[in-house]
Amino acid sequence: MNWHPMSVEAVAEALNTSRRGLSAEEAGRRLVVHGPNVIAEARRRSALAMFLDQFTDFMILVLLAAAFVSGLIGEATETIAIVTIVVLNAVIGFVQEYRAERAMEALNAMAAPVATVLRDGRKVAVAAAGLVPGDVVLLEAGAIVPADLRLLEVASLRTEEAALTGESFPVEKITEALPEEALPLGDRRNMAHKGTIVTYGRGSGVVVATGMETEIGKIAGLLQQTGEVKTPLQKRLADFGYRLSIAALAICALVVVAGIARGEAPLVMFLTGVSLAVAAIPEALPAVVTISLALGARKMVRKNALVRKLAAVETLGSVTYICSDKTGTLTVNRMQAEEFYCDGAIEPGPGSGGPWDALLRAMALSNDAWADATGAIVGDPTEVALFVAAMDAGARKREVETQYPRVAEIPFDPDRRCMTTLHRDHAGGFVSFTKGAFEVILEKSVGILTSSGVAELQPDHLRGVSERMAADGLRVLALAMRQWSARPTPWSTEALEKELTLLGLVGIMDQPREEIREAVETCKAAGIVPVMITGDHPITAEAIARRVGIGGGGDAIMTGGELAMLSEQELEASVERVRVYARVAPEHKLRIVRALQARGQIVAMTGDGVNDAPALKQADIGVAMGITGTGVAKEASSMILLDDNFSTIVRAVREGRRIYDNMRRFIRYALATNSGEIWTILLAPFFGLPIPLLPVQILWVNLVTDGLPGLALAAEREEKDVMRRPPRPPQQSVFAHGLGIHIIWVGLLMGALTIGAQAWSISSGSVHWQTMVFMILCLSQLANVIAVRSERDSLFTQGLLSNKPLLAAVTLTFLLQLATIYVPVLNGVFKTAPLSLPELAAALGISSLVFFAVEAEKLVKRRLA
């Protein structure tokens, strides 16, 4: 039910209450009917259920099956390695999910614990959870509004609603009915909403909604309805793991059948097939993903980005749209005087002398802001902006007040839209300063102060100045004065606020952050579309967007009212053209994110308010502000910006792209080498050769080459063009850009080299041909991992020392492989024999051909580019 169009009397009648409030007995009855005034939490999954859910991924199940089979055939080391990797991933996933469940707790923390109400006509303090519709609540400065209220009385009442609506300024409250039914939340000035804060004045209101029926309760409902969205990484890995596992199992079954058909012992072929199946699946992939993301997250903390969900690091690299809240994200969330009109000129800063001195004096004196003991300026944001501007120009309030002490005041009133202060001047008379909305002050003025004295007003010219400033997104205030020979009587607004002399105009704005424009341009260069979504006024939103470089040209601006009129299909058709959304409600933000996702976009949503939380949770990645962000926004997000700096997102995007590139490097390496093993085992019998490797040798090669060298690829630096290329299309396969072809030909090359070496060794009468095959297959994989560090740049350009962890991993793996051949106790385990120096040199030479072949491929790519 909409309460803002109803009169106070109609609301009281509808709720069967009065200005004296409810009786305690009636309040008790209503509490039974409506329930407590708390945010209800959806039924939570148990910690055990969350943990077990981590094992439902298809690739994880295949890995567990492989670990089980490895244990059956006596390969305990392989079993332990696989189980450790799987459990580590499950623990990390569980911790992230458990933390995400706390968003509802943060919403409840915003509630006021105690409220002052009228019961039986008496003022009493009750637990806010016990409020019911019809209760009359008393408000004063500093109080948290305990429920949604229709205001009954106001005395200069203002509330801070930025967290709920995105409005930068405290909202001046009224009691009159507002006839427009579909009024945006931020314009319902006769309402006070649960969770907002009273910043000035006092008032009272009747409770019209409690608990989940309040506006903040509706946001809680949206949060409960919004499920976790799978990241691009999760989607790609799930698809990749499923396809790979099926293919590996099919090929291994073929190997077993072919071997038995050739007369090999069924048990030997079964063990070979199982070993090959374990080797074919890159069980290190989950570990590489986890380690890559963890290293990226640690690196991002040093750059002021705290990652709450590891997969969010990679998701940033896929982002195509960044939907950013305005207040506190693109702007500094601090009002600042931007332009001044005085003595016939618009200036970016105040001047001095004559009319300018009078204007600065009015800004300092007609002002209730003050400096606390720490030097911080405290007060209404608008007044703080005027206070700071005057102080910076030399008009310090404390010093000016010694010459013009305040003797009386008429506080700001939303009906009058102005305030007046009366001061004794140094000549023994009095001077009053009136500050307020431009149109109001203009109507009360009879002249304007110039350097030549008081001149005649030119209303049309002044309106043009005001409109020009407003078009730049500035909130325009006017200041005027009047001289009095004696203290004015009667003391009334009618007597004081007339026949004024206009001093000047001041344009105030929540200023854009200095570094935002550069960050926006970097986003555009990287193919990312920035979009502003705010609860603020369309003119202000458009002005800020223009200043930071969002939109422009033919890009559309849409208000929440216009959006509400669109069907889901109509919104999806237009959502990619709109760059600025103004006067939006929480459900509108959610619809925008969903519409973009329906168009196949990967969406990042930034924000700091309660109103951002549902969209933060729905987005592919939610980015909350660490300093100004509410607890609700942080709990609903995937990442928190510790410095509230939009530019930090750009650095995070760079890191996300690097991480995805490194995972592609691992897949390129692991699948090429694993397919080399498969081709070797599968094709050898077709050339009349015996099975090249024993099961234990297959598992060893898989363990040492997929392990440390593969993990070390996570430390690779980003490519030079990482931020000059468009985002990956959301539907793009991990095998795009020739990765699949590369895997096939490199795997075939490894298989051909290994089988060729096997045939040569057997034909030359070598008694330890199997050791030669074992050595060449392992070393060719190490040659491959050194070559695949970049898709385009040569190793000779990168330098061996540019990835020291990889160099160390390759060296260690090479030494371990030598140990299986030259340490006597290991000869019996791996069925190997020491190679002669010429044989070892031949193995090194043959395996190095893989390195030079991959380098040749990169050379061709560079020449064709």
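Here are some notes on the structure above, point by point.

1. **Before you start.** This is a predicted model, so keep its confidence limits in mind: local features need pLDDT of at least 70, side-chain atom pairs count only at pLDDT 80 or more, and totals for chains, interfaces and linings use all residues. Residues are numbered from 1 along each chain as its sequence is written, and side-chain values use heavy atoms, with hydrogens and water left out.

2. **Strand β16.** Is β16 mostly covered or mostly open? It is mostly covered, with 8 of its 8 residues buried. Here "buried" means under 20% relative accessible area, "exposed" means over 50%, and "partly exposed" is in between, using a 1.4 Å probe and protein chains only.

3. **The partners of β16.** Two strands count as paired if DSSP finds at least two bridges between them. Strand β15 (residues 418-424) runs antiparallel to β16, and 7 bridges join them. Look for T420, which stands opposite T434 in β16. β15 and β16 form a hairpin with 5 residues between them, and G428 in the turn has a positive phi of about 100 degrees. Strand β19 (residues 475-484) also pairs with β16 in the antiparallel sense, over 8 bridges. There, F430 stands opposite W484 in β19.

4. K435 is found in strand β16. At 7% relative accessibility, K435 counts as buried. What does its side chain touch? A polar contact of 2.7 Å joins the side chains of K435 and E383. For a polar contact, a pair of N or O atoms must lie within 3.5 Å; within protein, one must be able to donate a hydrogen and the other to accept it, and residues adjacent in sequence count only if both atoms are side-chain atoms.

5. **Strand β17.** Next comes strand β17 (residues 445-450), which is mostly covered: 5 of its 6 residues are buried. β17 pairs with β20 in the parallel sense over 3 bridges, and S445 stands opposite L500 in β20. With strand β18 (residues 453-456), β17 pairs in the antiparallel sense over 4 bridges. G447 stands opposite E456 in β18, and a hairpin joins β17 to β18 through 2 residues.

6. Side chains of opposite charge can pair when their charged atoms come close. The rule used here asks for a side-chain nitrogen of Lys or Arg within 4 Å of a carboxyl oxygen of Asp or Glu. By this rule, the count comes to 37 salt bridges. One of them joins the side chains of D325 and K589, at 3.4 Å from N to O. This pair links distant parts of the chain, with D325 in strand β9 (residues 321-325) and K589 in helix α24 (residues 586-598), 264 residues apart. D325 counts as buried at 2% relative accessibility, and K589 is buried as well, with a relative accessible area of 0%.

7. **K444 and E497.** Here is another salt bridge to find: K444 with E497, the closest N and O atoms being 3.9 Å apart. K444 lies in helix α17 (residues 438-444) and E497 in the loop between α19 (493-496) and β20 (500-512), so the pair ties together parts that are 53 residues apart in sequence. K444 is partly exposed, with a relative accessible area of 22%, whereas E497 is buried, at 4%.

8. The side chains of D472 and R468 meet in a salt bridge of 2.4 Å, N to O. D472 is partly exposed, with a relative accessible area of 26%, and R468 is partly exposed too, at 34%. Elsewhere, E25, E26, R29 and R30 are linked in a network of salt bridges.

9. **Cysteines.** How many disulfides does the structure hold? The structure holds 0 disulfides, a disulfide being a pair of cysteine sulfur atoms within 2.5 Å. Take C323: its sulfur is 12 Å from the closest cysteine sulfur, in C523, which is too far for a bond. C323 is buried, with a relative accessible area of 0%, and C778 is buried with a relative accessible area of 0%.
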